[in-house]
Amino acid sequence: MSISLAQILHPKASPASLIKQEIGLSTITVQYSRPAVRGRKIFGELVPYGRIWRVGANESTKITLDSDMQIMGNTLTKGTYALYAFPEKDMWEIAFHKNITHWGDGRKNYNQEEDAFRVTIIPQKSSYFQENLLITFDEVTHDSAVMLWIWENTKIIIPITVDTDFIMQQQIQDILSKNPTAQSYYEAARYLQEQEKDYSTALKYLNMAIELGGDTYYFYRVKSLVEAALENYESAINSAQISSELAAKESKDEFVRMNQGSITLWKELVKN
């Protein structure tokens, strides 16, 4: 009689989770396990004060960045790190740790010299009860976000910033140096217009886009906005009118309305 050696798989008490968050052109990925409260007192008991914690259960929690980021004045270069915490009642230390080979909290093998750095966080009281440990992101912009750790009634907030403009400018220069298309010039100009910077360069890019790609309602729409930002309202009105006519031919009613609204506004500015 043969005996099966297959193992029975049990559901994990602390199921694995993965979260990805874009910040501008960059992405953060966090892999962690989600232990539950299950009626227990968490911080100060299940997770003792003054001792290393893996920020979850099972394996150590991992954070991966695909570009360099700033965390409370410290540069965390792109790569993967283990996240560890050292909770106290009124203050936590958070370690971004370069050694990702430890199982769990690596208590016996953890070496502080392998930290990329530590930051100090004051824990906050959550406005709601969180049964399973939650790691998430909020207040996301092109350049920043906050990473939130919420469990039981405790919330940890870690601000993160990324130099998206530097990444974007590098990308623009790279693409425009390699046989750029009309769309390349348009996208570069639209970025500058949205960021409210270097309008003269944006206008140059838009003229190149129109020269290469012909009359397009969205090229002229952004051109009108750039010209208005340069306070060249007569040119802005003319570009908006062209955009409106081109948009009408393609039944882009929203662009027609936007252009007409802008024309009305800029005509008032010209009169004054």
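Me: At what angle do helix H4 and helix H6 pack?
Reply: This is a predicted model. H4 covers residues 217–229, and H6 covers residues 253–271. Their axes lie 11 Å apart, and the packing angle is about 25°.

Me: Are H4 and H6 roughly parallel or roughly antiparallel to each other?
Reply: The two helices pack at about 25°. Angles under 35 degrees count as roughly parallel. H4 and H6 are therefore roughly parallel.

Me: Is the crossing of H4 and H6 left-handed or right-handed?
Reply: The handedness describes how H4 passes H6. This crossing is left-handed.

Me: Which residues of H6 make the contact with H4?
Reply: H4 brings Tyr 217, Tyr 218, Arg 221, Ser 224, Leu 225 and Ala 228. By class, the contact has 7 nonpolar, 3 polar and 1 charged residues. On the H6 side, the residues are Phe 255, Met 258, Asn 259, Ser 262 and Trp 266.

Me: Which tryptophan does Trp 149 touch, leaving out residues up to four places away in sequence?
Reply: Trp 149 has contacts with Val 55, Leu 83 and Ala 85, among others. Its list also includes Ile 156 and Ile 158.

Me: How far apart in space are Ser 144 and Thr 161, C-alpha to C-alpha?
Reply: Ser 144 lies in strand E10. Ser 144 touches Thr 161, as well as Ile 23, Glu 139 and Ile 160. In sequence, Ser 144 and Thr 161 are 17 residues apart. In space, the distance is 4.2 Å.

Me: Does Ser 144 count as buried or partly exposed?
Reply: Buried means under 20% relative accessible area. Ser 144 has 22% relative accessibility, so it counts as partly exposed.

Me: Is Thr 29 buried or exposed?
Reply: Thr 29 sits in strand E2, residues 26–33. Its contacts include Leu 18, Ile 19, Lys 62 and Ile 63. Its relative accessibility is 14%, so Thr 29 counts as buried.

Note on methods
Residues numbered from 1 in each chain as written. Predicted model: local features only at pLDDT ≥ 70, side-chain atom pairs only at ≥ 80, totals over all residues. Heavy atoms only, no water. Helix = DSSP H or I, 4+ residues; strand = E, 2+ residues; numbered from the N terminus. Buried < 20%, exposed > 50% of the residue type's maximum accessible area, 1.4 Å probe, protein only. Contact = heavy atoms within 4.5 Å. Axes fitted to C-alpha atoms, helices over the stretch in contact; angles between N-to-C directions. Parallel < 35°, antiparallel > 145°, perpendicular 65-115°, else oblique. Left-handed = near helix turned anticlockwise from the far one by under 90°. Nonpolar A, V, L, I, M, F, W, Y, C, P; charged D, E, K, R; others polar.
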